[in-house]
Amino acid sequence: MKKFLSLVIDILILIVIMTSATIALKGQKKPEEGTSENKIKIVTTIFPEYDFAKHIVGDKGEVSLLIKPGVETHNFEPTAQDIIDINNSDLLITIGEELSPWVKDLSKVLSKDINIVNLSEGIILIDIEEFEEKYGLEDEASHEAQDHHLSHDEHIWLNLDNANIMIDNITNKLCDLDKENALYYTQNATNYKNEINALKGEFEKLFKENQITLVFGGEFSYAYFVEEFGINFKTVYNNCGEGEDPSIIKVKSIIDYINDNDIRVVFYPELSNGSVAKMISEQTKAEAEILYSVHNGTVDGENPDTYVSLMEKNYDNILKSINK
Ligand SMILES: [Zn+2]
């Protein structure tokens, strides 16, 4: 945090310079109809925010993603360039100060009040300690790590109902900021929620009709997902992000569980080398497969990821765990 605050003065000076430059430029040039200068500028940090905003705003706005694909999203702190981008935007999308503590200091470094929407508003957050207690996941490693972690689980988007709430939060704010296009935003939001809800129906059917235990051999970010569908699960890691290595006893107990219960798949998240899951796979008949945590995704190219496309891949990979 000290590093962050020491940036403040540099950035403030920079912003004053930039603002004066912008004022000077504005005197000379008026943006034309339909140019990008007229479009609503939205800044996001994590992929689900980006993907939801992109689907809702359509061609009426420009959405940027501060954390580039493939980059670690935990413990994010904005760079000087990020602050400039946020300062030049119309709307910043976050998952709230509780889950993104860097947002608290933001007002100190911005040269103006900007619109911020908190996507976790209206979502019931999972208390990490309570979750660990409920599923008997506590061990010494998790207590040691407790100090460094948030008290609530940040991976709210892995519950599909929460995704609906996040979309509504963005839509309400956009309709407020740009009343003229409110109907357009609302329709886009409804279309995307319909896709998400159809997928939720598929997941419900899958977990209802099959006895599935998900075994996680990688960083664990799926608390909201397993709670949404009441999924039986086993995990070697308790949390996500700055991961402490699981104990040998824990790994051994997972290997035994897989062997005793004829489990077909051991999951690990994207952006992880999956070393523990692959090691477990070598000791058992279970295949190591990815279960997307959707922290991040590709935004360019012919087939950019979407929240729905990654969750559909999760569906396909979970299908592989069904005993036939
Ligand atoms: Zn995470």
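Asn317 sits in helix α12, residues 307-319; helices here are DSSP runs of H or I with at least four residues, strands are runs of E with at least two, and both are numbered from the N terminus. This is a predicted model, where local features need pLDDT of at least 70, side-chain atom pairs count only at pLDDT 80 or more, and totals for chains, interfaces and linings use all residues. Residues are numbered from 1 along each chain as its sequence is written, and side-chain values use heavy atoms, with hydrogens and water left out.

Is Asn317 buried or exposed? Asn317 is buried, at a relative accessible area of 10%; buried means under 20%, exposed over 50%, partly exposed in between, with a 1.4 Å probe and protein chains only. Beyond neighbours within four places in sequence, Asn317 contacts Val265, Phe267, Glu289 and Ile290, contact being heavy atoms within 4.5 Å.

Now the sheet. Four strands run in the order β6-β5-β7-β8, open and with parallel pairing; two strands pair if DSSP finds at least two bridges between them. β6 (232-235) and β8 (287-290) are the edges, each with a single partner strand, so one side of each has no neighbour in the sheet. From one strand to the next the twist averages 35°; axes are lines fitted to C-alpha atoms, for helices over the stretch in contact, and angles run from 0 to 180 degrees between N-to-C directions.

β7, residues 265-268, pairs with β8 over four bridges, in the parallel sense. Tyr268 has Ile290 in β8 as its bridge partner. Helix α10, residues 248-261, lies across β5 (213-216), β6 and β7, at about 140° to β6.
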